[in-house]
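This report looks at helix packing and at a pocket. Please view the structure first.

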Amino acid sequence: MKKVFRILGIAVFAVAMSFTTPSEKKLIVIDAGHGGHDIGATHGFHNEKKITSNIAKKIKGLNTGDKVEIVLLRDTDNFKSLTDRVDEINKLNADLVISLHVNKNANESASGVEAYVSEENSKYEVSKAHAEELVSILSTEKIKSRGVKTAPFMVLKKSKTAAVTLELGFLSNSNDREYLISDEGQNEIASKISSYLNK
């Protein structure tokens, strides 16, 4: 009988702990591509480093829930080497890294949102699943999907966690550019990414 009570006591304690122990937040790193003297893709007065920084800050600003903690690798216009970015990511022990970029092409008809993952990343399959969902939710009538591709980008292959590079559109394409530089477009992109992270 004592054994039964002991087992029941352990069971009750386990159930109590399951309700009183808070679930850990997901830690998401948002890497705004480029920065400082490295301005990235340009068109006229518009440049990649500013667009990615704006969207990264909007994602963090929208994160008001208790499920996710957002860390911005670059929250000012400063230059960070790829090595520095990877070192910071790995010290944070994040659940996911999303590196934000915009594209440019000599062919001005090239357009759309696409994602990259690395087969050298130990969490390649998880990275790919995130990439596929993100491209799906970000592509609209305004900006089409170019799918998910693999690439040996340093942030992707050296991060010790799931990592995705998002190319949010082409500055060289008039339709994509209008969307990417507008408050409406940036807000929409940030809102969709924030909603995905908090689902």
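## Terms and model

Contact here means heavy atoms within 4.5 Å. The model is predicted.

## α4 against α7

By that cut-off, α4 meets α7 through His 130, Glu 133, Leu 134, Ile 137 and Leu 138. On the α7 side, the partners are Ile 189, Lys 192, Ile 193 and Tyr 196. By class, this contact divides into six nonpolar residues, one polar and two charged.

Helix α4 covers residues 124-138. Its axis and that of α7 come within 10 Å. They cross at roughly 140 degrees. Angles over 145 degrees count as roughly antiparallel and 65 to 115 as roughly perpendicular, so α4 is oblique to α7. The crossing of α4 and α7 is right-handed.

## α2 against α7

Helix α2 spans residues 48-62, and helix α7 spans residues 183-197. The two axes come within 8 Å and cross at roughly 50 degrees. That angle makes α2 oblique to α7. Their crossing is right-handed.

From α2, the contact takes Ile 51, Asn 54, Ile 55, Lys 58, Ile 59 and Leu 62. From α7 come Asp 183, Gln 186, Asn 187, Ile 189, Ala 190, Ser 191, Ile 193, Ser 194 and Leu 197. Eight of the residues in the contact of α2 with α7 are nonpolar, five are polar and two are charged.

## α6 against α7

How close do the axes of α6 and α7 come? They come within 4 Å, with a crossing angle of roughly 75 degrees. Helix α6 is made of residues 174-181. The two helices are therefore roughly perpendicular to each other.

Tyr 179, Leu 180 and Ile 181 make the contact from α6. Asp 183, Gly 185, Gln 186, Glu 188 and Ile 189 make it from α7. The contact of α6 with α7 has four nonpolar, two polar and two charged residues.

## The largest pocket

How much space lies in the largest pocket? The volume is about 240 Å³. The lining has 17 residues. Closest to the pocket centre are His 34, Leu 82, Ser 99, His 101 and Val 155.

Which elements give two or more residues to the lining? They are α3 (82-92), β5 (96-103), α5 (154-158) and β8 (162-170). The largest share, three residues, comes from α5. By class, the lining holds six nonpolar, six polar and five charged residues.

Key. Residues numbered from 1 in each chain as written. Predicted model: local features only at pLDDT ≥ 70, side-chain atom pairs only at ≥ 80, totals over all residues. Heavy atoms only, no water. 1 Å grid on protein atoms, 1.4 Å probe; cavity = no way out; pocket = protein on both sides within 12 Å on 5 of 7 lines; lining within 4 Å. Points joined across faces, edges and corners; volume = space filled by probe spheres on them. Nonpolar A, V, L, I, M, F, W, Y, C, P; charged D, E, K, R; others polar. Axes fitted to C-alpha atoms, helices over the stretch in contact; angles between N-to-C directions. Parallel < 35°, antiparallel > 145°, perpendicular 65-115°, else oblique. Left-handed = near helix turned anticlockwise from the far one by under 90°.
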